[in-house]
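Student: Hi, could we go through this structure together? I'd like to start with the loops.

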Amino acid sequence: MAPRTERGTDVADKPTVALLGTGIMGSAMGRNLLKAGFPLRVWNRTQEKAQPLAEQGAVLGTTPADAVESAQVIITMLRDGDAVLHAMNEAAPKLGRGQIWAQMSTTGPQAVPAEAAFADEYGLTLVDAPVLGTKQPAEQGQLVILAAGPQSVRPVVQSVFDVLGKKILWVDDNAARAVASKLKLVANNWVIGLTNAVAETMALAKGAEVDARAFLDAVEGGPLDVPYLRIKAKAILENNFEPSFALENATKDAALIVALAHECHVSLPVAEAMLARMRKAIEMGHGDEDIAATYFASFDR
């Protein structure tokens, strides 16, 4: 009998995975794939960020083309749609027909048509699969994966997703319709809204000389209390803005949300105000910090 992984996939059946992008999320995903025994090939524009995975057993490619050669599944986990297509164009000389491309970055539905056209041109099967979750869920293999792609490739790509996420939600069988990417922006609007609400509430408490801990005590255990409030309030109280979801990346997503709303003729004045607020915090020098650093936008300096 073939050995089994902890999630039930035969070791002998594990596909070779190419991971393009080893930032906060990608590096955590790569570690989990290596721990589960998947053959892994990696690339990152800044090679130093991919070196730790190479030291743990991944094959380090000096170019995207090096990384994707012979891989059955290609994962892109990069900043935005431009970065994704740039990397895939660099990979083009070594792409092979029949490879599965799991596009897991948050590029927004606006980028999906170009991704689908690229996949068609090179004979790839595109799976649109953005994720919900930040640094800690990625490290723990507890992401929520929102996926759209044909039934024919799901058994192979599911074996990869099972290592990366606690929940895989298949929402469509055609990646080109961008259903998964639209759902990701709907969910991120909620995340960004919660974060800005926490940040503004904590800022109001400071400005009004109210003990923010008293506010937290007041809502504790009731319907207004949520774990996310505790996490972001703690970060603000402790002045610890180590990025779990960097403000720069969150602001990019907020811009995608506003753009989608305009395309759909939906009015989202709160989302537009949050985007402006987050851009202000970036201008104040907090772009590389956690999204909770939007807190600083409530003050003149």
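Student: Where does Glu209 lie?

Tutor: Glu209 lies in the loop between helix 8 (179-207) and helix 9 (212-219). Helices here are DSSP runs of H or I with at least four residues, strands are E runs of at least two, and both are numbered from the N terminus. This is a predicted model, where local features need pLDDT of at least 70 and side-chain atom pairs count only at pLDDT 80 or more, while totals for chains, interfaces and linings use all residues. Residues are numbered from 1 along each chain as its sequence is written, and side-chain values use heavy atoms, with hydrogens and water left out.

Student: Is Glu209 buried or exposed?

Tutor: Glu209 is exposed, with a relative accessible area of 75%. Exposed means over 50% relative accessible area, buried means under 20%, and partly exposed is in between (1.4 Å probe, protein chains only).

Student: What about the phi of Glu209?

Tutor: Its phi is positive, about 60°, although Glu209 is not a glycine. Most residues other than glycine have a negative phi.

Student: And what is phi like at Asn239?

Tutor: Asn239 is not a glycine either, and its phi is positive, near 50°. Asn239 sits in the loop between helix 10 (227-237) and helix 11 (247-263), and is exposed with a relative accessible area of 55%.

Student: OK, helix 11 then. How far apart are its end C-alpha atoms?

Tutor: They are 24 Å apart, which agrees with the 24 Å that its 17 residues should span at 1.5 Å a residue. The expected span is 1.5 Å times one less than the number of residues.

Student: Which residues of helix 11 are buried, and what covers them?

Tutor: Among the buried ones are Leu247, Ala250, Leu256, Ile257 and Val258, and Lys252 and Asp253 are on the list too. Their cover includes helix 8 and helix 12 (269-286). After helix 11 comes His265, with a positive phi near 60°.

Student: Switching topic: which residues touch the most other members in the largest nonpolar core?

Tutor: That core has 34 residues, and Leu33, Ile75, Met104, Ile145 and Phe161 touch the most other members. A nonpolar core is a set of buried Ala, Val, Leu, Ile, Met, Phe, Trp, Tyr and Cys residues joined through side-chain atoms within 4.5 Å. Elements giving two or more residues to this core include strand 1 (17-20), helix 1 (24-35) and helix 7 (154-164).

Student: What does Leu33 touch?

Tutor: Leaving out residues up to four places away in sequence, Leu33 touches Val17, Phe38, Leu40, Ile75, Val160, Val163 and Leu164. Contact means heavy atoms within 4.5 Å. There is also a second, separate core of 21 residues, which includes Ala67, Ala71, Leu78 and Ala175.

Student: How many helices and strands does the chain have?

Tutor: The protein chain has 12 helices and nine strands. Buried residues make up 50% of its 301 residues.

Student: Last one: what is the average pLDDT?

Tutor: The chain averages 95, and 96% of the residues score at least 70. pLDDT is the predictor's confidence in each residue, from 0 to 100.

Student: Where does pLDDT stay under 50?

Tutor: Over residues 1-11, for which the model has 16 contacts beyond four places in sequence. Where pLDDT is low, the predicted coordinates should not be read in detail.
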